[in-house]
Amino acid sequence: MELLQGQIRDYAWGSRTAIAELQGRPVPSDGPEAELWLGAHPGAPATVDRDGSPMSLTDLLVAEPAHWLGERLVGRFGTRLPFLLKVLAADAPLSLQAHPDADQAREGHAADPGRVNYVDPYHKPELLVALSEFEALCGFRDPAESAAAIAAFGVPELEPVVAALRTGPAGLREAVRLLLSWPEAERAGLVAGVLTAEAAGPDDGSGSRRGSGRAEPESSDAVLARALAVDYPADPGVLVALLLHHVRLAPGEAIWMPAGNLHAYLRGTGVEIMAASDNVLRGGLTPKRVDVDELLRVLRFEVLDEPVVAAVPVAPGVLTWPVPVEDFALHRVEVAAGDAAVRLTLPGPRVVLCRAGKLTVDDGMGTITLGPGQAAVGTAAGGPLILGGEGEAYVATCGLR
């Protein structure tokens, strides 16, 4: 195992405390720190030391693919690491987004020479495990619930959206299309009208409104819309958000975001593992470009019954969150003081992130000691992982069985 130095991405929505605290640096940080990347993605590859100088993990994989990746992985994914491990720390909402499936990514990349929508030919399914309390929007909920939430605002202009939703899952596409195609000049008025109508309180049946909605308990949907509108007062994504599950995760709980699943992270810190891709189709809550037609082509307009993925124990102190892809797998390992070391037989290469405590990690080719926020990488040539000491770690591998 070798020490792996990740790169921090400074997106505006990032936290100025979470990643710095994890790594034991002073807080607040000088600027937002949104993601710590621990992988070989060319956008921000992690590095290892070579003769006192940092060398990109991407370059090492290309130079020695059989050693680092193994013949099986090279045959399946080529000379690239198929997964990317991250620590994600959100202090403000990310954009509503979805990712293409493998066929859509490959075809879209080939047909998109300007790389407007498809920057690479790979899919990007994602799994996020909460490290703190975490809020997210994930997957379409029952359209009847969404229809009731939007109808409660009492805004006449939204009646076609409500009508589409009342037809059931078949109306989800039309509801999303209507909202994201709303005329630019009318968007600010629409969002303001929704909040004003809600604030006027529910209709008492006589055509008038009863007092102030803020003086009475607000629905969770109204609270969500109001919070999103603070940052995006002219964005119809404020209403698209009400079509999705509003998920609140406790530490250790996870959400799975397959291809075509509309989602957004709102607030919190988590460990995220994904297929190594940057293909993102946005659907609102962003100043960036929204390609409505392409998003509608990629989205899966079906109700996601349960967005939360349950952890599965696989050995004493070891949990995993099963996902139906070969690109990655994630395990959490807890080693208690005085307990025997944990032995994991997982396919290489492996990336190990220490979340807490002090751990030794040995793959038969080298032993390294990790503290909070530190990471290590081992090659496919290594043997089983032996984790000792006391602490908590997340282990990322490919998902090939």
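Is Asn 261 buried or exposed? At 8% relative accessibility, Asn 261 counts as buried, where buried means under 20% relative accessible area, exposed means over 50%, and partly exposed covers what is in between (1.4 Å probe, protein chains only). The model is a predicted one, in which local features need pLDDT of at least 70 and side-chain atom pairs count only at pLDDT 80 or more, while totals for chains, interfaces and linings use all residues. Residues are numbered from 1 along each chain as its sequence is written, and side-chain values use heavy atoms, with hydrogens and water left out.

Asn 261 sits in the loop between β11 (254-257) and β12 (263-275); helices (H or I, at least four residues) and strands (E, at least two) are DSSP runs, numbered from the N terminus. Its side chain reaches the backbone nitrogen of Gly 139 at 3.2 Å. That pair is a polar contact, meaning N or O atoms within 3.5 Å; within protein, one must be able to donate a hydrogen and the other to accept it, and residues adjacent in sequence count only if both atoms are side-chain atoms. Not counting residues up to four places away in sequence, Asn 261 touches Gln 97, Ala 98, Cys 138, Gly 139, Trp 256 and Leu 304, with contact meaning heavy atoms within 4.5 Å.

Next comes strand β12, where Thr 269 is found. Thr 269 is buried too, with a relative accessible area of 15%. Beyond residues up to four places away in sequence, Thr 269 touches Ala 18, Val 87, Leu 88, Ala 89, Ala 130, Leu 131, Ser 132 and Phe 134.

β12 also turns up in the largest pocket, giving the most to its lining, with 4 residues. On a 1 Å grid over the protein atoms alone, a pocket is an open set of points with protein on both sides within 12 Å along at least five of seven lines, a cavity is a set of points where a 1.4 Å probe fits but cannot get out, and lining residues have an atom within 4 Å of a point. The largest pocket holds about 800 Å³ of space; grid points are joined across faces, edges and corners, and a volume is the space filled by probe spheres set on the points. Its lining has 34 residues, and Trp 13, Ser 95, Gln 97, Arg 282 and Lys 288 lie nearest the centre. Elements giving two or more residues to this lining are β3 (35-38), β6 (83-90), β12 and β13 (281-282). By class, the lining divides into 17 nonpolar, 5 polar and 12 charged residues, with Ala, Val, Leu, Ile, Met, Phe, Trp, Tyr, Cys and Pro counted as nonpolar, Asp, Glu, Lys and Arg as charged, and the others, Gly among them, as polar.

The largest cavity is lined by Leu 57, Leu 61, Trp 68, Leu 81, Pro 349, Arg 350, Val 351 and Val 377. Two or more of these lining residues come from each of α2 (57-63) and β19. The lining has 7 nonpolar, no polar and 1 charged residues.

Cys 354 and Ala 376 are 22 residues apart in sequence and 8.6 Å apart in space, C-alpha to C-alpha. Glu 392 and Ala 393 are among the contacts of Cys 354, and they are also among those of Arg 332. Arg 332 belongs to strand β17 (residues 329-335) and is buried at 15%.

In soluble globular proteins, nonpolar side chains tend to be buried together. Here the largest nonpolar core has 49 residues, of which Phe 140 and Leu 158 touch the most other members. Such a core is a set of buried Ala, Val, Leu, Ile, Met, Phe, Trp, Tyr and Cys residues joined through side-chain atoms within 4.5 Å.
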